[in-house]
Amino acid sequence: MVIMYWILDLVGAVLPWTKTRSNIIRCCLDDNRRRQYQQRTQQQQQQTDSTKATKQKTFSGMACSWSKISPIIPILVCFLLVASSICPVAHASKISGDRTANQTFNPEQELKKLKIIRARLKNINKPAVKTIQSPDGDLIDCVLSHRQPAFDHPLLKGQKPLDPPERPKGQNPPPGMVTENFQRWTMSGTLCPEGTIPIRRTREQDMMRASSVKRFGRKLRRHVRRDSSSNGHEHAVGYVSGDQYYGAKASINVWAPRVVNQYEFSLSQMWVISGSFGDDLNTIEAGWQVSPELYGDNYPRFFTYWTTDAYQATGCYNLLCSGFVQTNSRIAIGAAISPTSSYSGGQFDISLLIWKDPKHGNWWLEFGSGVLVGYWPSFLFTHLQNHASMVQFGGEVVNSRPSGSHTATQMGSGHFAGEGFGKASYFRNMQVVDWDNSLIPLSNLKVLADHPNCYDIQGGINNFWGNYFYYGGPGRNVRCP
């Protein structure tokens with residue numbers, strides 16, 4: 001078919017008046033007309049004295065007299081006639097497809113969509129006092145702290161970010177702590193001024209990529225139970241439940257797993273969960289993810305998420321809605337992480353701590369050694385206003401089953417847990433925060449992989465890493481077709 005249309009284009013180039021595909025098809029590819037024409041020429045053959053002359057005349061007529069214009073045309077016409085007789089259905093299908101595509105394009109609808117996108121962008125992107133160009137193509141806007149998206153919320157309007165809370169016992173930051181430089185946008189050395197926060201700018205192309213403009217920045221609604229019927233989402237996780245939890249902490253090594261198409265993702269994160277696994281599910285989430293749909297590339301990025309109704313109408317990624325209040329001027333949520341771990345090479349991990357402030361009840365996020373990122377106000381939630389009933393750590397991918405097979409999107413490093421340190425992804429030093437605002441080791445950690453032939457998990461405990469596990473995998477392989 002590619003050769004066929006190349007030749008059609010070539011004929012159009014030689015004869016401008018035949019440039020449209022419909023002219024060529026009418027002249028040479030209409031089987032019914034050609035059969036009628038052949039019948040007429042056969043009648044002419046009976047009336048003529050010279051069979052040879054008649055055949056030449058017939059061929060000349062079938063070629064639409066193009067041989068008089070260019071010597072290459074008879075050759076092309078012969079090919080077209082043969083090809084059209086061999087695969088007329090393919091031509092019809094192609095033309096029908098083109099026609100259908102033209103019919104489904106609705107300029108008025110596209111204009112309406114663009115207006116919605118621009119209105120949403122105006123609401124998401126706040127006026128910047130400074131903009132920084134990141135090496136990965138991101139634009140980082142330095143926005144006055146009190147003008148960030150969180151303060152569009154009716155219950156936060158007119159307020160300012162809260163002061164730092166009391167940290168959990170056993171999590172005292174070292175003296176003279178400094179913000180860790182772990183994001184690409186900071187490589188130039190240019191940072192946002194005090195009194196502002198860095199926000200990754202959302203652009204038109206970000207929203208145009210979304211499977212739903214209405215739900216841009218939100219996870220698709222789905223069942224959250226960790227089993228094999230989880231609507232294309234597959235997990236390899238460790239979790240604790242059956243108690244009251246007021247926070248969680250872990251160190252996660254960062255990789256750049258391969259994601260095979262735009263509508264899949266691969267992430268590694270912590271979940272702080274409360275409520276049932278129905279419509280009232282509350283979650284607070286943080287970690288790193290590769291999401292071509294959300295970000296337009298395959299860089300691993302630091303992200304947050306929250307919901308109070310099982311991913312239906314509340315919550316969002318990062319700062320794409322009012323909710324999370326950022327207090328840090330050096331970390332851009334949603335920005336790319338650098339460096340990353342390498343197979344049989346250097347390992348780079350990030351430490352995350354989420355905990356509930358005993359005084360005000362807000363849930364705070366800390367990165368690394370005492371670097372506060374911000375907080376989720378307690379009023380956003382129902383069940384999490386009190387405490388969490390489950391804490392979960394691990395990896396998740398979307399399996400859209402491209403071409404009918406399991407996806408080859410990788411989880412973690414893309415290698416199975418059994419390969420161990422330097423090759424497999426890990427969570428280490430996992431802890432939870434108890435009722436007394438103290439960090440304590442996990443008890444009764446359970447591990448679960450939805451499809452262990454695709455992505456698996458192996459847990460353990462030692463004196464250096466405390467509770468830990470390796471997890472991940474390549475996705476499609478001989479044992480995971």
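Analyst: The side chains of D206 and R200 meet in a salt bridge, at 3.8 Å from N to O; a salt bridge here is a side-chain nitrogen of Lys or Arg within 4 Å of a carboxyl oxygen of Asp or Glu. The model is predicted: local features need pLDDT of at least 70, side-chain atom pairs count only at pLDDT 80 or more, and totals for chains, interfaces and linings use all residues. Residues are numbered from 1 along each chain as its sequence is written, and side-chain values use heavy atoms, with hydrogens and water left out.

D206 has a relative accessible area of 3% and is therefore buried, a term for values under 20%, with exposed over 50% and partly exposed in between (1.4 Å probe, protein chains only). R200 also counts as buried, because its relative accessibility is 12%.

R200 has a further partner in D138, with the closest N and O atoms 3.2 Å apart. This pair links distant parts of the chain, since D138 lies in the loop between β1 and β2 and R200 in strand β3, 62 residues apart. Helices (H or I, at least four residues) and strands (E, at least two) are DSSP runs, numbered from the N terminus. With a relative accessibility of 4%, D138 is buried too.

D138 in turn forms a salt bridge with R301, and there the closest N and O atoms are 2.7 Å apart. The two residues are 163 apart in the chain, with R301 placed in strand β8. R301 is buried, its relative accessible area being 0%. Through shared partners, salt bridges join D138, R200, D206, R209, D297 and R301 into one network. By the rule stated above, the count comes to 12 salt bridges.

Strand β3 is part of an open sheet of 3 strands in the order β1-β2-β3, with antiparallel pairing; two strands pair if DSSP finds at least two bridges between them. Its edge strands are β1 (130-133) and β3 (196-200), each pairing on one side only. Strand β2 (residues 139-144) is joined to β3 by 5 bridges, and D141 stands opposite I199 in β3.

Strand β8 belongs to an open sheet of 6 strands in the order β8-β7-β6-β13-β4-β16, again with antiparallel pairing.
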